Amino acid sequence: MSWGTELWDQFDNLEKHTQWGIDILEKYIKFVKERTEIELSYAKQLRNLSKKYQPKKNSKEEEEYKYTACKAFLSTLNEMNDYAGQHEVISENMTSQITVDLMRYVQELKQERKSNFHDGRKAQQHIETCWKQLESSKRRFERDCKEADRAQQYFEKMDADINVTKADVEKARQQAQIRQQMAEDSKADYSLILQRFNQEQWEYYHTHIPNIFQKIQEMEERRIVRIGESMKTYAEVDRQVIPIIGKCLDGIVKAAESIDQKNDSQLVVEAYKSGFEPPGDIEFEDYTQPMKRTVSDNSLSSSKEGKPELRFGGKSRGKLWPFIKKNKGVTPEDFSNFPPEQRRKKLQQKVDDLNREIQKETDQRDAITKMKDVYLKNPQMGDPASLDQKLTEVTQNIEKLRLEAQKFEAWLAEVEGRLPARSEQARRQSGLYDGQTHQTVTNCAQDRESPDGSYTEEQSQESEHKVLAPDFDDEFDDEEPLPAIGTCKALYTFEGQNEGTISVVEGETLSVIEEDKGDGWTRIRRNEDEEGYVPTSYVEVYLDKNAKGS
């Protein structure tokens with residue numbers, strides 16, 4: 001099967017068909033190019049999606065990723081980022097291996113097609129020229145034959161006419177001979193040109209056109225093979241990234257399988273455990289006895305006789321944490337607005353951070369010292385005195401950090417002493433700090449009030465007992481009561497249902513012994529033997545200026 005023999009007369013159709021083939025190739029190139037753009041856009045959107053849900057640094061979101069479920073989600077985001085990278089690889093490979101290659105091939109194909117059809121048109125023009133020469137020779141031979149016939153007839157006519165002179169007859173005879181010769185010459189020329197044309201025509205249809213059409217056929221078949229190879233490459237580019245995409249998906253599955261619900265539950269306990277113990281049973285209060293009302297340790301109000309005994313490192317029964325409102329202001333330096341267990345963790349973390357800073361500064365000091373020794377031994381390398389200022393600064397920083405660490409260690413010792421015993425080692429450490437840093441801890445406790453006036457459980461106890469029992473000894477009940485600093489009138493009835501509070505009736509007048517510290521609670525007394533806290537918004541306070549000033 002050859003176009004040169006089968007399609008020898010379909011030059012124009014072959015020209016249209018080969019142009020259509022180039023159009024198809026260009027359409028396929030456009031298709032692949034748009035696919036690469038889609039892959040890039042998809043990869044960009046995946047990356048943006050992954051970035052959008054990444055936890056922000058130094059934010060609360062970052063703390064949430066300690067849970068295994070959140071870690072798995074973070075791993076999924078990272079895998080999706082790698083997944084997006086594979087789509088970028090697909091785009092790059094398709095561009096380099098298909099689009100660029102085919103665009104270059106299309107230019108070569110167009111040039112080759114143009115050259116082949118140019119040769120075909122040139123052969124057509126040559127055979128058409130030969131045909132025109134043949135037609136011209138044929139018409140001239142035909143004309144000369146007719147002229148020779150007329151000249152012969154005229155001569156015979158003149159020869160038969162007796163009235164014509166011999167000279168005229170001879171002239172007619174000569175003219176007939178000339179025409180006859182011309183006809184013979186035209187015949188010979190026509191015969192030669194016809195032979196030549198037949199030769200040219202045979203070569204045209206059996207040599208030139210078949211060769212040209214064979215080249216065109218081979219060109220078209222190469223185009224078809226090339227587009228097929230490109231389609232295979234198109235599939236292979238996708239197939240090459242499938243293993244890596246599979247690993248990304250396996251990573252997501254592995255991350256999902258790493259989720260541990262028990263571990264997450266334990267993290268919730270560690271994150272929110274307050275360190276408090278549940279309240280004990282409320283004792284029965286017998287109102288049928290004519291004796292003065294006695295208030296137990298777990299009573300709903302707090303009297304002088306029922307005041308709890310407070311000890312560093314012991315269990316405090318006068319817990320006010322559950323009912324005191326938390327003020328969301330600036331966090332105090334000693335984290336006193338946190339529950340004991342959470343406060344201990346914060347302080348421990350702060351101590352660890354400070355120790356790391358101290359180690360870092362110590363390493364820097366050692367390095368400077370070594371460099372100074374090198375300068376002393378080799379003055380040409382540098383001036384030792386130039387390092388003195390830096391060495392002094394680093395030493396001062398170390399001392400400052402150590403003092404800061406000691407302060408937080410003292411607070412940590414205090415918290416560990418107040419928390420329920422976790423281990424023998426913790427108790428020994430707590431006892432050590434109680435003996436060595438009692439004064440420091442006391443000062444820290446007095447400074448625990450936050451700038452916005454918020455209180456913790458320890459704050460409330462200290463505000464309640466720092467005047468009555470500065471040494472927290474067993475002589476608590478023998479202390480003098482706090483003096484009244486004013487009076488107040490109850491605007492509403494308040495039922496004190498938590499330890500440390502006191503119930504009041506609307507319209508009742510009571511003594512104020514401690515004003516609101518910013519936490520929304522005022523300490524009052526009734527009849528010199530019953531005192532406690534009430535919400536500030538429930539009473540109208542009249543402070544004695546002289547008492548307040550003193």
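Ile524 is buried in this predicted model, with a relative accessible area of 0%; buried here means under 20%, exposed over 50% and partly exposed in between, using a 1.4 Å probe and protein chains only. Ile524 sits in strand 4, and its C-alpha atom is 10.0 Å from that of Thr509, 15 residues away along the chain. Strands (E, at least two residues) and helices (H or I, at least four) are DSSP runs, numbered from the N terminus.

A word on the ground rules: the model is predicted, so local features need pLDDT of at least 70 and side-chain atom pairs count only at pLDDT 80 or more, while totals for chains, interfaces and linings use all residues. Residues are numbered from 1 along each chain as its sequence is written, and side-chain values use heavy atoms, leaving out hydrogens and water.

- Glu508 and Arg526 form a salt bridge, their closest N and O atoms being 2.6 Å apart; the term means a side-chain nitrogen of Lys or Arg within 4 Å of a carboxyl oxygen of Asp or Glu.
- That pair ties together distant parts of the chain, 18 residues apart: Glu508 is in the loop between strand 2 (486-490) and strand 3 (509-514), and Arg526 is in strand 4 (residues 521-526).
- Arg526 is buried, at 15% relative accessible area.
- There's also a network here: salt bridges with shared partners join Glu514, Arg523, Arg525 and Glu531.
- Glu495 and Val534 are 39 residues apart in sequence, with 9.1 Å between their C-alpha atoms.

**Helix 4 against helix 5**

- Two packed helices are described by the angle between their axes and the distance between the axes.
- For helix 4 and helix 5, the packing angle is about 175° and the axes are 6 Å apart; axes are lines fitted to C-alpha atoms, for helices over the stretch in contact, and angles run from 0 to 180 degrees between N-to-C directions.

**Salt bridges within the helices**

- The structure holds 25 salt bridges.
- In one of them, Arg150 meets Glu147 with the closest N and O atoms 2.2 Å apart.
- Arg150 and Glu147 are three residues apart in helix 4 (residues 68-160), so about one helical turn separates them.
- Both ends are partly exposed: Arg150 at 46% relative accessibility and Glu147 at 23%.
- Over in helix 5 (residues 166-257), Glu170 and Arg173 are also three residues apart, or about one helical turn, and their side chains meet in a salt bridge at 2.0 Å, N to O.
- Glu170 is partly exposed at 32% relative accessible area, and Arg173 is partly exposed at 29%.

**A nonpolar patch**

- Leu49, Tyr53 and Phe73 make a nonpolar surface patch of about 280 Å².
- Patches take residues with over 30% relative accessible area and no salt bridge, joining like charges within 9 Å and nonpolar side chains (Val, Leu, Ile, Met, Phe, Trp, Tyr) within 5 Å; the areas come from the Shrake-Rupley method with a 1.4 Å probe, and for residues only the protein chains shown count as cover.
- Tyr53 is in the loop between helix 2 (11-52) and helix 3 (60-64), and counts as partly exposed at 41% relative accessibility.
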